[in-house]
Amino acid sequence: EYKSYLSFELFMDASNVEEDGEHWRPLHRSRKYKPSQLARLNPVEKSKYLFYEKPSKEAKIAKDSALKRVRQELRQRNAEAENRRRIEVEKQQLERHNQLIGQLKAAEARNRIRLLRIRYNNVRSSELEQMVTYQPTSLRAVRLQALVPQHNPHQLSKQDVLLKNERQRVEELIDDNTLSTVKRDLTCI
């Protein structure tokens, strides 16, 4: 076996290299075998010998077609991965967009409800004010104002909203049993 190893030994010098345009390949210095002799070699020696031989046309065609299939499969996998990544990014952007749209719609709805409440309270307070104003006597007006529920019945004001002279006038009106100060004559209107 040592002799067969020496026969396949490679001497790397410039004369031992063959160039075929694109690739360089080493040449072996062993003797050339005929196909019948090559068939009788054991597998190790045969593989060592064939390592330095130029591949046959069928082997080249098979190698090229295999490389072509591998490259095509690789391109297809990369395209699929890119497509999946792009779809995932689009899905995330769509989800963020939908979430933002939902937040904006909720804010608009809250704003509409707030404006409706303000409008309702303004109309209600103006109607109550008008009802109090058109009472025939001021005593009825004060009573109506006291009986009509406040804007927010659960939240009573802790401060006295009337001024000192207003408070005196209200007490004077309530204490007037003869209605002499509040009797109005509306027939002349």
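Trainee: In which helix is Ser-47 found, and what backbone atom does its side chain reach?
Mentor: This is a predicted model, and in it Ser-47 belongs to helix α3, residues 43-51. With a relative accessibility of 44%, Ser-47 counts as partly exposed. Its side chain comes to 2.8 Å from a backbone atom, namely the oxygen of Val-44.

Trainee: Is Thr-137 buried or exposed, and which residue's backbone nitrogen does its side chain reach?
Mentor: Thr-137 is placed in the loop between α4 and α5, the latter being residues 138-147. Its relative accessible area is 18%, and the limit for a buried residue is under 20%, so Thr-137 is buried. At 3.2 Å, the side chain of Thr-137 reaches the backbone nitrogen of Arg-140.

Trainee: What is the order of helices and strands along the sequence?
Mentor: The secondary structure consists of 6 helices and 2 strands. Reading along the sequence, one finds the pattern α-β-β-α-α-α-α-α.

Trainee: How many salt bridges does a search of the whole structure find?
Mentor: Side chains of opposite charge can pair when their charged atoms come close. Among the salt bridges here are Arg-77 with Glu-73 and Glu-82 with Arg-85. The search of the whole structure gives a total of 4.

Trainee: Why are Arg-77 and Glu-73 about one helical turn apart, and what is the N to O distance in their salt bridge?
Mentor: Both residues lie in helix α4, residues 57-133, and because they are 4 residues apart there, about one helical turn separates them. Arg-77 is exposed, at 53% relative accessibility, whereas Glu-73 is partly exposed, at 36%. Their side chains meet in a salt bridge with an N to O distance of 3.3 Å.

Trainee: What is the N to O distance between the side chains of Glu-82 and Arg-85?
Mentor: This pair also lies in helix α4, with the two residues 3 apart, or about one turn of the helix. Glu-82 is partly exposed at 40%, and Arg-85 is partly exposed at 46%. Their side chains form a salt bridge at 2.5 Å.

Trainee: Which helix holds both Glu-172 and Arg-169, and what is the N to O distance in their salt bridge?
Mentor: Glu-172 and Arg-169 are 3 residues apart in helix α6, residues 164-175, and are therefore separated by about one helical turn. Glu-172 has a relative accessible area of 43% and is partly exposed; Arg-169, at 37%, is partly exposed as well. The salt bridge between the two side chains has an N to O distance of 3.2 Å.

Trainee: What accessible area do Leu-100, Ile-101 and Leu-104 have together?
Mentor: Leu-100 is found in helix α4 and, at 47% relative accessibility, counts as partly exposed. Together with Ile-101 and Leu-104, Leu-100 forms a nonpolar patch on the surface. The accessible area of the three together is about 250 Å².

Trainee: What percentage of the residues of the chain count as buried?
Mentor: The chain exposes about 17,200 Å², of which carbon and sulfur atoms supply 55%. The chain has 189 residues, and the share that counts as buried is 12%.

Trainee: Among contacts between residues at least 6 apart in sequence, what percentage join residues at least 24 apart?
Mentor: The count concerns contacts within the chain, taken between residues that are at least 6 apart in sequence. Of these contacts, the share joining residues at least 24 apart is 45%.

Trainee: Where in the chain is confidence lowest, and where is it highest?
Mentor: The average pLDDT of the chain is 79, and 73% of the residues score at least 70. Confidence is lowest in helix α1, residues 2-7, with a mean of 45, and highest, at 93, in α4.

Trainee: How many contacts beyond near neighbours in sequence does the stretch of residues 1-17 have in the model?
Mentor: Over residues 1-17 the pLDDT is below 50. Where pLDDT is low, the predicted coordinates should not be read in detail. With that caution, the number of contacts this stretch has in the model beyond near neighbours in sequence is 26.

Technical notes. Residues numbered from 1 in each chain as written. Predicted model: local features only at pLDDT ≥ 70, side-chain atom pairs only at ≥ 80, totals over all residues. Heavy atoms only, no water. Buried < 20%, exposed > 50% of the residue type's maximum accessible area, 1.4 Å probe, protein only. Patch = residues over 30% accessible without salt bridge, like charges linked within 9 Å, V, L, I, M, F, W, Y side chains within 5 Å. Areas by Shrake-Rupley, 256 points an atom, 1.4 Å probe, with all protein chains shown as cover. Contact = heavy atoms within 4.5 Å. pLDDT = per-residue confidence, 0-100. Polar contact = N/O pair within 3.5 Å; in protein donor to acceptor, adjacent residues only side chain to side chain.
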